[in-house]
Amino acid sequence: MTRLVLFNKPFGVLSQFTDKGSPTQRQTLSDFIDAPGVYPAGRLDRDSEGLMILCDDGRLQARISDPKYKLPKTYLAQVEGDADEAALRALSAGVKLKDGMTRPALAERIDDPDLWPRDPPIRMRKTVPDCWIKLTIREGKNRQVRRMTAAVGLPTLRLIRWSIGDWKVEGLMPGEHRDGPVS
């Protein structure tokens with residue numbers, strides 16, 4: 001029987017089980033999850049938070065993480081600046097990055113979400129506005145959401161992966177995990 005684990009990765013945690021060879025000790029998945037035989041289906045940057053899926057089935061891992069399956073991944077991004085209609089249209093149409101155009105995305109401005117506090121908190125500037133956007137992509141270039149928002153003049157301050165396909169991080173506090181349904 002396939003095992004699937006939903007994990008809310010905290011800020012600053014590496015999306016791998018070991019950090020051998022690093023001169024300074026950094027937190028990894030093994031600090032939170034003791035589930036032999038499960039491995040991450042994809043990665044999440046150290047400075048990003050939110051949903052990671054771990055499983056013990058290689059085919060399922062590929063279906064979750066490989067861009068050819070176009071599984072939607074939804075992110076909540078707190079950005080510096082005011083996400084106007086032009087920026088949202090640009091994100092929706094696809095953004096030109098150094099490694100090529102991104103696929104079209106779903107982008108919308110949202111009210112401040114009710115989330116857990118980040119540790120450490122983001123740096124706020126009194127003279128620069130910020131807002132939240134929800135962005136759904138169907139690919140996974142390296143640091144893609146951060147690069148997309150920066151390309152439209154909205155640097156990302158905080159980034160949370162909220163869902164992958166039908167799986168959501170909702171109900172999990174940072175560092176918590178639970179078994180999830182295999183779809």
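Reader: Is strand 8 mostly covered or mostly uncovered, and how many of its eight residues are buried?

Author: Keep in mind that this is a predicted model. A residue is called buried when its relative accessible area is under 20%. In strand 8, six of the eight residues are buried, and the strand is mostly covered.

Reader: Which strands pair with strand 8?

Author: Two strands pair if at least two bridges are found between them. Strand 4 pairs with strand 8 in the antiparallel sense, over eight bridges. Strand 7, residues 106-110, also runs antiparallel to strand 8, and five bridges join the two.

Reader: Which residues in strand 8 are the partners of Glu-80 and Ala-107?

Author: For Glu-80, the bridge partner in strand 8 is Asp-130. For Ala-107, the residue opposite in strand 8 is Leu-135.

Reader: Now to a helix. Which residues of helix 3 are buried?

Author: Start with the general idea. An α-helix has 3.6 residues a turn, so residues three or four places apart point the same way. Helix 3 covers residues 144-151, and its buried residues are Gln-144, Val-145, Arg-146, Met-148 and Thr-149.

Reader: What covers the buried residues of helix 3?

Author: The cover includes strand 8 (130-137) and strand 4 (73-80). It also includes helix 2 (85-93), strand 5 (96-97) and strand 9 (156-164).

Reader: Which residue with a positive phi follows helix 3?

Author: That residue is Gly-153, with a phi near 80°.

Reader: How many helices and strands does the protein chain have, and what pattern do they follow?

Author: There are three helices and 11 strands in the protein chain. Along the sequence they are arranged as β-β-β-α-β-α-β-β-β-β-α-β-β-β. The protein chain has a radius of gyration of 16 Å, close to the 16 Å given by the globule rule for 183 residues, so it is as compact as a globular protein of that length.

Reader: What does the C-alpha trace span along its principal axes?

Author: The span is about 45 × 35 × 35 Å. Of the 183 residues in the protein chain, 44% are buried.

Reader: Among contacts between residues at least 6 apart in sequence, what share joins residues at least 24 apart?

Author: In the protein chain that share is 72%.

Reader: What about the surface and the charges?

Author: The accessible surface of the protein chain is about 10000 Å², and 49% of that belongs to carbon and sulfur atoms. Its side chains include 30 positive and 25 negative ones, and the centres of the two sets lie 6 Å apart.

Terms used. Residues numbered from 1 in each chain as written. Predicted model: local features only at pLDDT ≥ 70, side-chain atom pairs only at ≥ 80, totals over all residues. Heavy atoms only, no water. Buried < 20%, exposed > 50% of the residue type's maximum accessible area, 1.4 Å probe, protein only. Helix = DSSP H or I, 4+ residues; strand = E, 2+ residues; numbered from the N terminus. Contact = heavy atoms within 4.5 Å. Rg over C-alpha atoms; globule rule 2.2 N^0.38 Å. Areas by Shrake-Rupley, 256 points an atom, 1.4 Å probe, with all protein chains shown as cover. Lys, Arg positive; Asp, Glu negative; His and termini not counted. Charge placed at Lys NZ, Arg CZ, Asp CG, Glu CD.
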